[in-house]
Amino acid sequence: MAKLIEATVEGMNDLLRNIDILKDTVLTAQAAGMAQVCTDAANSAKENHSFQNRTFNLENSIGPLPVEVNDNVIEGAFRAGMNYAAPVEYGTVKSAPYPFMEPAKEANKQNLIDTMKAVTERAQSALKVSK
(Lines give C-alpha, C1' and ligand atoms only; values in the text may rest on other atoms or scores of the structure.)
Protein backbone atom coordinates (compact mmCIF):
# COMPACT_ATOMS: atom_id res chain seq x y z
CA MET A 1 0.00 0.00 0.00
CA ALA A 2 1.37 3.42 -1.02
CA LYS A 3 1.52 6.19 1.50
CA LEU A 4 0.36 9.67 0.59
CA ILE A 5 2.88 12.41 1.30
CA GLU A 6 1.60 15.95 1.68
CA ALA A 7 3.74 19.04 1.52
CA THR A 8 2.89 22.68 1.91
CA VAL A 9 4.90 25.35 0.15
CA GLU A 10 4.59 28.69 1.82
CA GLY A 11 5.49 31.94 0.15
CA MET A 12 4.68 30.78 -3.39
CA ASN A 13 2.42 33.77 -4.01
CA ASP A 14 5.18 36.12 -2.87
CA LEU A 15 7.66 34.35 -5.12
CA LEU A 16 5.38 34.60 -8.15
CA ARG A 17 4.64 38.26 -7.43
CA ASN A 18 8.39 39.00 -7.16
CA ILE A 19 9.03 37.21 -10.47
CA ASP A 20 6.37 39.39 -12.11
CA ILE A 21 7.93 42.52 -10.59
CA LEU A 22 11.36 41.50 -11.85
CA LYS A 23 9.96 40.75 -15.33
CA ASP A 24 8.27 44.16 -15.45
CA THR A 25 11.43 45.87 -14.22
CA VAL A 26 13.56 44.19 -16.88
CA LEU A 27 11.00 44.95 -19.60
CA THR A 28 10.92 48.60 -18.53
CA ALA A 29 14.73 48.76 -18.61
CA GLN A 30 14.78 47.13 -22.05
CA ALA A 31 12.18 49.60 -23.32
CA ALA A 32 14.30 52.49 -22.02
CA GLY A 33 17.32 50.97 -23.78
CA MET A 34 15.33 50.68 -27.00
CA ALA A 35 14.27 54.33 -26.70
CA GLN A 36 17.91 55.39 -26.32
CA VAL A 37 18.99 53.32 -29.33
CA CYS A 38 16.20 54.89 -31.44
CA THR A 39 17.37 58.34 -30.36
CA ASP A 40 20.96 57.39 -31.23
CA ALA A 41 19.87 56.13 -34.67
CA ALA A 42 17.88 59.31 -35.35
CA ASN A 43 20.88 61.42 -34.35
CA SER A 44 23.08 59.31 -36.61
CA ALA A 45 20.72 59.94 -39.54
CA LYS A 46 20.80 63.68 -38.83
CA GLU A 47 24.57 63.85 -38.49
CA ASN A 48 25.66 61.54 -41.31
CA HIS A 49 23.38 62.30 -44.25
CA SER A 50 24.76 63.15 -47.68
CA PHE A 51 21.81 65.17 -49.00
CA GLN A 52 22.08 68.91 -49.47
CA ASN A 53 20.42 70.60 -46.54
CA ARG A 54 18.79 73.79 -47.81
CA THR A 55 15.97 74.32 -45.32
CA PHE A 56 16.89 71.87 -42.52
CA ASN A 57 13.24 70.73 -42.56
CA LEU A 58 14.08 67.13 -43.42
CA GLU A 59 16.91 66.92 -40.91
CA ASN A 60 14.78 68.52 -38.19
CA SER A 61 11.95 66.06 -38.89
CA ILE A 62 14.10 63.03 -38.05
CA GLY A 63 13.41 61.65 -34.61
CA PRO A 64 12.47 58.63 -32.53
CA LEU A 65 8.91 57.41 -32.20
CA PRO A 66 7.53 56.32 -28.82
CA VAL A 67 8.58 52.81 -27.84
CA GLU A 68 5.69 50.36 -27.63
CA VAL A 69 5.54 47.26 -25.45
CA ASN A 70 2.86 44.71 -26.31
CA ASP A 71 2.77 41.15 -25.00
CA ASN A 72 6.40 41.41 -23.86
CA VAL A 73 7.52 42.54 -27.32
CA ILE A 74 9.37 45.85 -27.48
CA GLU A 75 9.08 47.89 -30.68
CA GLY A 76 11.09 50.99 -31.36
CA ALA A 77 11.51 53.10 -34.47
CA PHE A 78 12.69 56.43 -35.76
CA ARG A 79 11.38 58.35 -38.72
CA ALA A 80 11.80 61.30 -41.00
CA GLY A 81 8.56 63.24 -40.96
CA MET A 82 8.71 65.14 -44.22
CA ASN A 83 6.67 63.83 -47.15
CA TYR A 84 9.73 63.92 -49.39
CA ALA A 85 11.91 61.78 -47.09
CA ALA A 86 11.36 58.56 -49.06
CA PRO A 87 12.34 60.07 -52.45
CA VAL A 88 15.49 61.45 -50.83
CA GLU A 89 16.28 58.09 -49.19
CA TYR A 90 15.55 55.89 -52.22
CA GLY A 91 15.83 58.29 -55.14
CA THR A 92 13.44 58.78 -58.04
CA VAL A 93 13.58 58.36 -61.79
CA LYS A 94 15.06 61.86 -61.98
CA SER A 95 17.21 62.01 -58.84
CA ALA A 96 19.82 59.84 -57.19
CA PRO A 97 19.19 58.34 -53.76
CA TYR A 98 20.78 59.88 -50.70
CA PRO A 99 20.28 57.16 -48.06
CA PHE A 100 20.28 58.44 -44.50
CA MET A 101 17.75 56.29 -42.56
CA GLU A 102 18.93 52.83 -43.61
CA PRO A 103 22.62 53.58 -42.93
CA ALA A 104 21.67 54.96 -39.49
CA LYS A 105 19.67 51.80 -38.73
CA GLU A 106 22.55 49.57 -39.84
CA ALA A 107 25.07 51.62 -37.86
CA ASN A 108 23.05 51.13 -34.68
CA LYS A 109 22.34 47.38 -34.88
CA GLN A 110 25.29 46.54 -32.65
CA ASN A 111 24.28 49.38 -30.31
CA LEU A 112 20.89 47.69 -29.89
CA ILE A 113 22.45 44.26 -29.30
CA ASP A 114 24.92 45.67 -26.76
CA THR A 115 22.22 47.66 -24.96
CA MET A 116 19.84 44.69 -24.62
CA LYS A 117 22.72 42.44 -23.56
CA ALA A 118 23.77 44.91 -20.84
CA VAL A 119 20.20 45.17 -19.52
CA THR A 120 19.89 41.37 -19.44
CA GLU A 121 23.25 40.97 -17.70
CA ARG A 122 22.24 43.50 -15.03
CA ALA A 123 19.02 41.57 -14.45
CA GLN A 124 20.91 38.28 -14.19
CA SER A 125 23.32 39.84 -11.71
CA ALA A 126 20.40 41.00 -9.61
CA LEU A 127 19.10 37.43 -9.53
CA LYS A 128 22.32 35.85 -8.29
CA VAL A 129 22.09 34.66 -4.73
CA SER A 130 25.23 34.88 -2.65
CA LYS A 131 26.25 31.69 -0.83
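**Salt bridges and a pocket**

Visitor: What am I looking at, anyway?
Guide: This is a predicted model, where local features need pLDDT of at least 70, side-chain atom pairs count only at pLDDT 80 or more, and totals for chains, interfaces and linings use all residues. Residues are numbered from 1 along each chain as its sequence is written, and side-chain values use heavy atoms, with hydrogens and water left out.

Visitor: Back to Glu 102. Which side chain does it meet in a salt bridge?
Guide: Lys 105, at 3.2 Å from N to O. A salt bridge here is a side-chain nitrogen of Lys or Arg within 4 Å of a carboxyl oxygen of Asp or Glu.

Visitor: How far apart are Glu 102 and Lys 105 along the helix?
Guide: They are 3 residues apart in helix H4, so about one helical turn separates them. Helices are DSSP runs (H or I, at least four residues), numbered from the N terminus.

Visitor: And Lys 105, how accessible is it?
Guide: Lys 105 is partly exposed, at 39%.

Visitor: How many salt bridges are there in total?
Guide: The count is 4. One of them joins Lys 109 to Glu 106, also listed at 3.2 Å, N to O. Lys 109 is partly exposed at 43%, and Glu 106 is partly exposed at 39%.

Visitor: What about Asp 24? Which residue is its partner?
Guide: Lys 23, with the closest N and O atoms 3.8 Å apart. Asp 24 is partly exposed at 42%. Lys 23 is partly exposed at 40%.

Visitor: New topic. Which residues line the second largest pocket?
Guide: Among them are Met 34, Val 37, Cys 38, Ala 41, Phe 78, Lys 105 and Lys 109. A pocket is an open set of points on a 1 Å grid over the protein atoms alone, with protein on both sides within 12 Å along at least five of seven lines; lining residues have an atom within 4 Å of a point.

Visitor: Which helices supply that lining?
Guide: H1, helix H4 (101-107) and helix H5 (109-127) each give at least two residues. H1 has the largest share, with 4 residues.

Visitor: And the largest pocket? Which helices are involved there?
Guide: Helix H2 (57-61) and helix H3 (85-90) each supply at least two lining residues.

Visitor: Last one. How far is Gly 11 from Ile 74?
Guide: They are 63 residues apart in sequence and 31 Å apart in space, C-alpha to C-alpha. Gly 11 lies in the segment before H1.

How values were computed: 1 Å grid on protein atoms, 1.4 Å probe; cavity = no way out; pocket = protein on both sides within 12 Å on 5 of 7 lines; lining within 4 Å. Buried < 20%, exposed > 50% of the residue type's maximum accessible area, 1.4 Å probe, protein only.
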